[in-house]
Amino acid sequence: MAAARDQLLDAIRALMAAHSPPLHALVVPSEDAHQSEYVSEQDKRREFISGFTGSAGLALITMKEALLWTDGRYFLQATQQLSNCWKLMRMGEDPPVEAWIADNLEDEAVIGINPWCISVDSAQRYEHAFSKKHQTLFQLSSDLVDEVWKDRPPVEPRPVIVHPVEFAGRSVSEKIKELREKLVHEKASAIIITALDEVAWLYNIRGSDVDYSPVVHSYAIVTLHNAFFYVDKRKVTVEVQKYMAGNGIDIREYETVQSDANLLATGKLKSSVDGENDINDNEVGSLKIWIDSGSCCLALYSKLSPDQVLTLQSPIALPKAVKNPTELDGLRKAHIRDGAAVVQYLAWLDNQMQENYGASGYFNEIRGAHKKENIKGTKLTEVSVSDKLEGFRSTKEHFRGLSFPTISSVGPNAAVIHYKPEANTCSEMDADKIYLCDSGAQYLDGTTDITRTVHFGKPSEHEKSCYTAVLKGHIALDIAVFPNGTTGHSLDILSRAPLWREGLDYRHGTGHGIGSYLNVHEGPHLISFRPSARNVPLQASMTVTDEPGYYEDGSFGIRLENVLICKEANAKFNFGEKGYLSFEHITWAPYQAKLIDTKLLTPVEIEWVNTYHSDCRNILEPYLNEQEKEWLRKATEPVAVSS
């Protein structure tokens with residue numbers, strides 16, 4: 001396969017040389033035309049050309065080199081997956097792609113890009129970097145990767161589904177009304193919405209165009225009086241047609257968004273619903289067209305005059321992130337059902353590891369003699385056990401699939417932060433090694449994401465101390481109290497401090513937003529050391545994950561993750577009249593007591609663990625059978641300080 005990919009590089013370079021003008025480099029991003037993190041199979045161009053399967057990264061192909069940039073979550077994975085023809089560039093350590101191009105390519109070099117797959121922000125950043133050597137960012141009319149991708153998966157027209165208000169909490173008319181008020185406030189005549197989860201949230205629709213994310217490949221344009229939905233009409237049922245018409249939304253073919261953006265710019269975009277323009281000819285140019293330059297692609301931006309564009313964060317981002325009471329209630333309920341599935345899974349896996357491998361089990365540390373030869377002839381692998389977890393989840397009310405590929409990882413594989421096991425290459429379960437499982441599901445009433453790390457044999461003292469440091473960081477964020485206006489950049493250190501004290505750290509952020517039956521990774525807020533985490537303060541009713549970790553290459557990985565809801569804090573005082581915030585955890589599954597070195601915990605931390613476990617038991621027991629209840633009771637027994 002590596003040799004075949006190297007031949008693809010030759011084919012790409014031949015196309016670059018034959019292009020008019022000849023290209024000195026080709027940028028191949030991970031994103032699709034909506035700047036999505038997770039993309040459909042036919043949009044995985046960077047994965048196809050490089051062989052690297054991580055969700056984040058960017059490939060650069062020059063006439064002599066092939067380079068791949070990715071972040072700290074994927075350094076180890078990229079090292080394993082890239083052939084010798086590729087050079088790994090570590091984000092945060094190596095120069096960014098635009099700086100590398102400016103420094104390493106010749107004056108007046110031409111760099112090709114598919115304008116649909118690059119955001120306005122990125123394009124402008126590139127152009128600024130290229131200007132010092134008069135290099136050019138060239139918008140290609142066709143994607144060169146598509147020209148060499150002979151068996152590119154076809155587009156499947158999967159149906160658009162209406163998401164009921166009983167789950168969404170707010171009607172489309174309410175959301176559009178609020179959006180138009182924001183347009184008026186910013187003196188804008190219209191907005192072009194390009195992010196898939198924003199279109200889905202605004203119009204209360206869902207779909208299955210992207211695995212694990214219930215979104216529809218679509219765009220929206222909303223003006224002061226009209227609303228448009230751009231989608232492959234083969235996906236639109238009679239029910240959806242009636243629904244859209246009832247909400248005054250004009251359905252257009254997906255591809256016409258580009259020509260309609262041009263009409264919008266000239267004040268000539270008419271709706272078939274009422275046939276009226278939104279603004280008079282003499283008003284064209286006096287009102288702005290709003291785009292989010294982080295998610296709007298260069299192809300659409302190029303249809304507008306720069307002086308008529310308002311580039312601000314999307315006005316949908318915050319209302320989507322700040323969950324309404326219905327969404328919060330749904331998320332809490334979804335996480336309870338999900339927690340029950342995780343407990344069922346852990347109890348089942350504990351039994352299987354003891355029966356098939358002679359493991360001492362979840363509760364005991366006695367090291368057995370050696371692995372028993374599979375007594376039942378049942379081989380447990382990272383994939384077979386994660387399939388069982390999906391099976392438990394599939395029995396729960398409102399289940400609609402997983403929210404991302406399950407990270408089911410044993411021993412050294414657990415050190416690969418976003419490890420994705422494959423059936424033909426994954427590892428067999430091992431009672432003498434740590435097992436990390438990061439998983440989640442999509443339910444009609446909420447999206448879940450949980451990580452637990454366990455050991456079915458005798459963990460080393462080092463593994464225990466690392467696990468306990470991660471747990472201490474996990475608790476520190478959970479119990480934080482902070483003033484309104486605080487960003488996730490400020491909170492990130494809370495989870496790292498216990499690790500730093502031991503000279504340890506992790507190369508990923510500490511928390512991300514999570515959708516309401518939408519994307520498992522949701523902005524605009526996050527808890528991270530990255531500068532972007534300074535941009536958006538946390539607010540009450542936002543959701544965010546709490547997931548510190550530690551990874552020892554070639555040995556093991558540890559991560560603990562809960563979903564939190566940001567809420568108003570019951571603080572004794574209110575200095576500065578700012579109001580104070582805290583968190584409510586809504587994820588329920590026990591932490592493994594035998595991995596905790598209780599000597600390293602403070603009395604406050606021990607009380608937190610015991611209270612969490614007591615709540616966990618009370619909340620989940622109604623969803624379990626007697627054997628599972630007994631396992632949970634044992635898993636949630638109070639921990640005490642070691643003598």
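This is a dialogue about reading features in a predicted model.

Colleague: Which residues of E10 lie on each side?

Modeller: One side holds Ser218, Ala220 and Val222, and the other holds Tyr219, Ile221 and Thr223. Both faces are covered, as the residues on both are all buried.

Colleague: Which strands does E10 pair with?

Modeller: One partner is strand E8, residues 188–193, which runs antiparallel to E10 and is joined to it by four bridges. Within that pairing, Ala190 stands opposite Thr223 of E10. Another partner is strand E11, residues 227–231, again antiparallel, with five bridges to E10. There Ala220 has Phe229 of E11 as its bridge partner.

Colleague: How many residues does the hairpin from E10 to E11 pass through?

Modeller: The hairpin that joins E10 to E11 goes through three residues.

Colleague: Now a whole sheet. What is the strand order in the open sheet of four strands?

Modeller: The order is E21-E28-E27-E24, and the pairing is antiparallel. At the edges stand strand E21 (482–483) and strand E24 (543–546), each of which pairs on one side only. E24 meets strand E27, residues 562–568, through four bridges in the antiparallel sense. In that pairing Val544 stands opposite Leu564 of E27.

Colleague: In the open sheet of three strands, why is one side of E15 and of E19 left without a neighbour?

Modeller: The order there is E15-E18-E19, with antiparallel pairing. Strand E15 (399–402) and strand E19 (446–447) stand at the edges with a single partner strand each, so one side of each has no neighbour in the sheet. E15 is joined by three bridges to strand E18, residues 441–443, and the two run antiparallel. Phe399 has Tyr443 in E18 as its bridge partner.

Colleague: How many disulfides does a search of the whole structure find?

Modeller: The general idea is that a disulfide is a covalent bond between the sulfur atoms of two cysteines. A search of the whole structure finds zero disulfides.

Colleague: Is Cys566 buried or exposed?

Modeller: Compare the relative accessibility with the cut-offs: under 20% is buried, over 50% is exposed, and in between is partly exposed. Cys566 has 2% relative accessibility, so it counts as buried. Cys85 has 39%, so it counts as partly exposed.

Colleague: Where does Asp505 lie?

Modeller: Asp505 is in the loop between helix H17 (488–500) and strand E22 (511–513). Its relative accessible area is 35%, so Asp505 is partly exposed. From Asp505 to Gly440 there are 65 residues in sequence and 24 Å in space, C-alpha to C-alpha.

Colleague: How many residues line the second largest pocket?

Modeller: For a pocket, take the volume, then the lining. The second largest pocket has about 610 Å³ of space. Its lining has 27 residues, and those nearest the centre are Ala33, Asp43, Arg152, Tyr254 and Glu255. By class, nine are nonpolar, seven polar and eleven charged.

Colleague: How many cavities of 30 Å³ or more does the structure hold?

Modeller: There are six cavities of 30 Å³ or more. The second largest cavity has about 80 Å³ of space. It is lined by 14 residues, of which Val27, Val28, Pro29, Arg45 and Asp143 are the closest to its centre. Strand E1, residues 25–29, gives the most to this lining, with four residues. The lining of the second largest cavity divides into eight nonpolar, two polar and four charged residues.

Conventions:
Residues are numbered from 1 along each chain as its sequence is written. This is a predicted model: local features need pLDDT of at least 70, side-chain atom pairs count only at pLDDT 80 or more; totals for chains, interfaces and linings use all residues. Side-chain values use heavy atoms; hydrogens and water are left out. Two strands pair if DSSP finds at least two bridges between them. A disulfide is a pair of cysteine sulfur atoms within 2.5 Å. Buried means under 20% relative accessible area, exposed over 50%, partly exposed in between (1.4 Å probe, protein chains only). On a 1 Å grid over the protein atoms alone, a cavity is a set of points where a 1.4 Å probe fits but cannot get out, and a pocket is an open set with protein on both sides within 12 Å along at least five of seven lines; lining residues have an atom within 4 Å of a point. Grid points are joined across faces, edges and corners, and a volume is the space filled by probe spheres set on the points. Ala, Val, Leu, Ile, Met, Phe, Trp, Tyr, Cys and Pro count as nonpolar, Asp, Glu, Lys and Arg as charged, and the others, Gly among them, as polar.
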